[in-house]
Amino acid sequence: MTGSLQHLGYDEEKLQRASQQLPCREVQAGMLLSLMGQPQQYCYPSVFIYGHGASGKSHVLNVLMKELELPHATVSCVECVSVSLLFEQVLLSFFGCDAASSLPRTPSLSDFVRVYRQQSSQSPAKQTRYIIMEKAELLRDAEANLLPALLRLQELVEDNVTVILLSEIVWDQFRPNTGCFEPLLLHFPDYSKGELQQILSHDAHPSYSAEFYSSYINILLGVFYSVCRDLRELRHLAALNFSKFCEPVTTGKVKETETHKLWKNIEPHLKKAMQTVYLREVSSLQWEQMQQMEETETGAMRGLSAHTHVELPYYSKFLLIAAYLASYNPARTDKRFFLKHHGKIRKTNFLKKNEKTSNHLLGPKPFSLDRMLAIFYSVVDSRVAPTASIFSQISSLVTLQLLAQVSHDDQLDGPKYKCAVSLDFIRAISKTVNFDIVRYLYDFLLQF
Amino acid sequence: MSKRKGKDTHLPIGECITQAQQILRERFCQRKLPDRPEGVEAQHRRLLELLRRTAIHGESNSVLIVGPRGAGKTTLLRCVLRELLEDKDVQKNLLQVHLNGLLQTDDRIALKEITRQLQLENVVGDKGSFAENLAFLLEALKKGDRSSSRPVLFVLDEFDLFAHHKNQTLLYNLFDVSQSAQAPVAVVGLTCRLDVLELLEKRVKSRFSHRQIHLLSSLTFPQYLERVRAQLSLPDHFPDPNFAQEWNADVKTLCEDKSVEEVLQRHFNSSKDFRSLHTLLVRLTGISPLVAVGSTRVIEHPVWNNPFQLPCLCRVSVSKPSIRPADLLDASRLCLADAKANMLHGLSILELCLVIAMKHLHDVYEGEPFNLQMVHNGTPTHLKEEGGGGEKERGFFSCFFCRTRLPRLEFKKFLQRKSNSMYNFEQPVVMKAFEHLQQLELIRPVDGSSAKTQREYQLMRLMLDHSQIMEALQKYPQCPTDVKQWAMSAFA
């Protein structure tokens, strides 16, 4: 396959070198090159490149810029919390630090354009200058006129400059309401499975054969491809789990060619990895340590989400239970659940047909403090005085973000809360105080 | 490199291509001024006459040029100015101040820019406050009169943004000067908003002359075709006339091609301004064999693989450099591609399943917002778990389906079909996929208060429509049949 880039305006050797670093991205690089044209020619004022994360947007641009030695400024919009940082970086990489220091302390766009014009009239562009903005979606949160101005920067500064925006979000979500200069859109498609395989197989381990490594990648993709197509993530997972894959080979139990046995060995391990290390429940360091100590079963170590158990005072637990019940039960069922002598309620009437969706689907409902306290007194068996400590416990539950205060209109008079804990959490809590919470939940009542 | 010996010199083909490319790029990217503006002769004459009266006779004027984006407002103004400045007197006399609403975001900055462009900085100095600067500038303008002082031309690009300044001080003062017998000024505003006069304050509006020049395109399709041809043709002064002739003939045949005409008609129907045409043509020069050959092209065209059929220099290019209809089709396809469908193509199968589930929810509940919990329970992934699990949750989920109006039959069928399914992901994995969708802004939270509610209960809206999802599903590489069936079932 002749996978090389070719272009009239550039040195062939450099192009060759660049194309070697861009596996599976020759088409996009070629398209980009043809848009850029020859270095001394004018390029389209702004180019918008979109595609999924880790589809090689920045990489392609970086390689091209570096290998072809084009003047460029790469700016990450995450770093530029204020526009002055952005302007400084651009001027710095085009004209050196003198230009950057000639900006006033809080520069406006007008200042930037003025300084840029001054500088470019002293050293006019012999080649197209490129400003590459990564994570361009953050530009939308900046001043309203920054993005439209950047899009027509070429016209404003009258210099051979092109702004390239990189983003994961489509251009439709960027357009300001009075319109702007439309950039040229360029899509970087996702890597197909074959391409992923090809790229991942590049970083094979030197002490094993290439086929061995690519069969490993094949298994890895078999497990993870349906969930994750992010090259970075996959590469990270491949690096983490390779030592486990080679283990039977190094101990001599299995030969390199026995793919099926290797697969049997690694597959449950990878499935476990999806639930732990892929979700960052277990850090990669912990994961590696776990692989070291063989006797402990992987996953025996508790992940992040297993640490949700919180030690609470006795009454706080009941307060939280009461809040949960108040949040997830309709108020009209309270009588049935919490009153000792509630009289007879007809079942058909009680289970209203029109309540189609359960609260566990819709999320917690807000409730008033009174209702919560009423439920609290009903579920606690002993007599509890409404002391200051009870009320301060409520507000400390809010600070722990186990409860959320809904409306801020009044702090003292009739505050409203929502319960912000999950069912599993509240079950664990109620188990510690021997309270069967499921019996009191309306959503689970229908089966009994 | 080029050595021209006479009129009929043959440049090497690579050189020709470079030259042609240079010319076309200047046209499309740099937006070099055309020799004369097309289709706006009347407006051109009117504006020229107006500005000439200011420049020569010292008449104060104000005018607004209104037109949609890409309609050629700046081009018109620049053409007029170029023509105006051909006059030696005018060139010596006229002062120009160019302001842009994007750059001069408030009156203070605008004022500084005016003093700078009028080269009064050294007079004013750095110390002046805004009020002092304004007073000085007005003084300078007031002192002048029609006969003696030099006329000033103010060009306000993005005029509507100036109307958002506080109290519209700048606009008021500029129009005021143009109304009273002071130094002759012409205020030219360029804007794309048709309702721009409604933005002006009453006192500002009353001082404006209400002269408007509208640039609304009245282009017919044959004219559009002609314009495409003209834009692609090489000029007469091209160094290699033979090449230019051949090229222009090629372009002519290209424009007569039926399929090309169809494509252009589609573009014409969506918009007829210069700029969208240019984006198409830039892509064309990008794709066409004029410039570069990517690897796929080499594979596509067997001729190019055979080095003996090509002159050695043109390994890059082709034996006959011309734009083929296929190139234009390619360019148009790239231009008209749906970005969201492109993004859907790159989703993982789990994320696609989530999108389908959301679509179903959207259909059943007639556009009500949804949260992750609903989506998750609607996906096939959980149905399976529920069938096998048989714990407390089982009751909960099945009771959800009893209460919903979802077509139960469909779900049951799907469940049976999926009995040995491979999709049983944990809730956190699904959550991660859901968050990825949110990150791509394919779904959006209904309200911004994200901190208050738990992540799985946050209400969301789907930002895709029916046809986009269906199209993406058709194009999805190796889409499992059962997923496709599941998606179809509810659409029918």
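This is a predicted model: local features need pLDDT of at least 70, side-chain atom pairs count only at pLDDT 80 or more; totals for chains, interfaces and linings use all residues.
Residues are numbered from 1 along each chain as its sequence is written, chains are lettered from A and ligands numbered from 1 in the order in which they are written, and side-chain values use heavy atoms, with hydrogens and water left out.

**Annotated regions and helix 11 of chain A**

- An unreviewed UniProt entry places the feature "domain: Orc1-like AAA ATPase" at residues 21–164 of chain A; UniProt positions follow the numbering used here, feature names are shortened, and annotations may be inferred rather than shown by experiment.
- Over residues 21–164 the chain is 45% helix and 15% strand, with end C-alpha atoms 21 Å apart; helices (H or I, at least four residues) and strands (E, at least two) are DSSP runs numbered from the N terminus.
- The annotation "domain: ORC5 lid", also from an unreviewed UniProt entry, covers residues 213–280 of chain A, a span that is 72% helix and 0% strand and whose end C-alpha atoms lie 25 Å apart.
- Helix 11 (residues 231–250) of chain A has 20 residues and should span 28 Å at 1.5 Å a residue, which agrees with its end C-alpha atoms being 28 Å apart; the expected span is 1.5 Å times one less than the number of residues.
- At the start of helix 11, a side-chain oxygen of A:Asp230 reaches to within 3.0 Å of the backbone nitrogen of A:Arg232, and the helix is followed by A:Gly252, whose phi is positive, near 85°.

**Salt bridges**

- Over all chains the structure holds 32 salt bridges, each a side-chain nitrogen of Lys or Arg within 4 Å of a carboxyl oxygen of Asp or Glu.
- A:Lys271 and A:Glu267 form a salt bridge with their closest N and O atoms 3.3 Å apart, and both lie in helix 12 (residues 259–275) of chain A, 4 residues apart, about one turn of the helix.
- The side chains of A:Glu182 and A:Arg175 meet in a salt bridge of 3.0 Å, N to O; A:Glu182 is partly exposed at 29% relative accessibility, and A:Arg175 is partly exposed at 39% (buried means under 20% relative accessible area, exposed over 50%, partly exposed in between, with a 1.4 Å probe and protein chains only).
- In chain B, B:Glu226 and B:Arg229 form a salt bridge with closest N and O atoms 3.0 Å apart, and both lie in helix 12 (residues 221–232), 3 residues apart, about one turn of the helix.
- Salt bridges that share partners also join A:Arg152, A:Glu155, B:Arg69 and B:Glu158 into one network.

**Aromatic pairs**

- The count over all chains comes to 39 aromatic pairs, in which rings of Phe, Tyr and Trp (its six-membered ring) have centres within 6.5 Å, planes under 30 degrees apart counting as stacked, over 60 as edge-to-face and the rest as tilted.
- The rings of A:Tyr328 and B:Tyr457 have centres 6.5 Å apart and planes at 55°, so the pair is tilted; A:Tyr328 lies in helix 14 (residues 314–328) of chain A and B:Tyr457 in the loop between strand 6 (443–445) and strand 7 (460–462) of chain B, so the pair joins two chains.
- A:Tyr328 is buried, with a relative accessible area of 1%, and B:Tyr457 is buried at 9%.

Conventions. A polar contact is a pair of N or O atoms within 3.5 Å; within protein, one must be able to donate a hydrogen and the other to accept it, and residues adjacent in sequence count only if both atoms are side-chain atoms.
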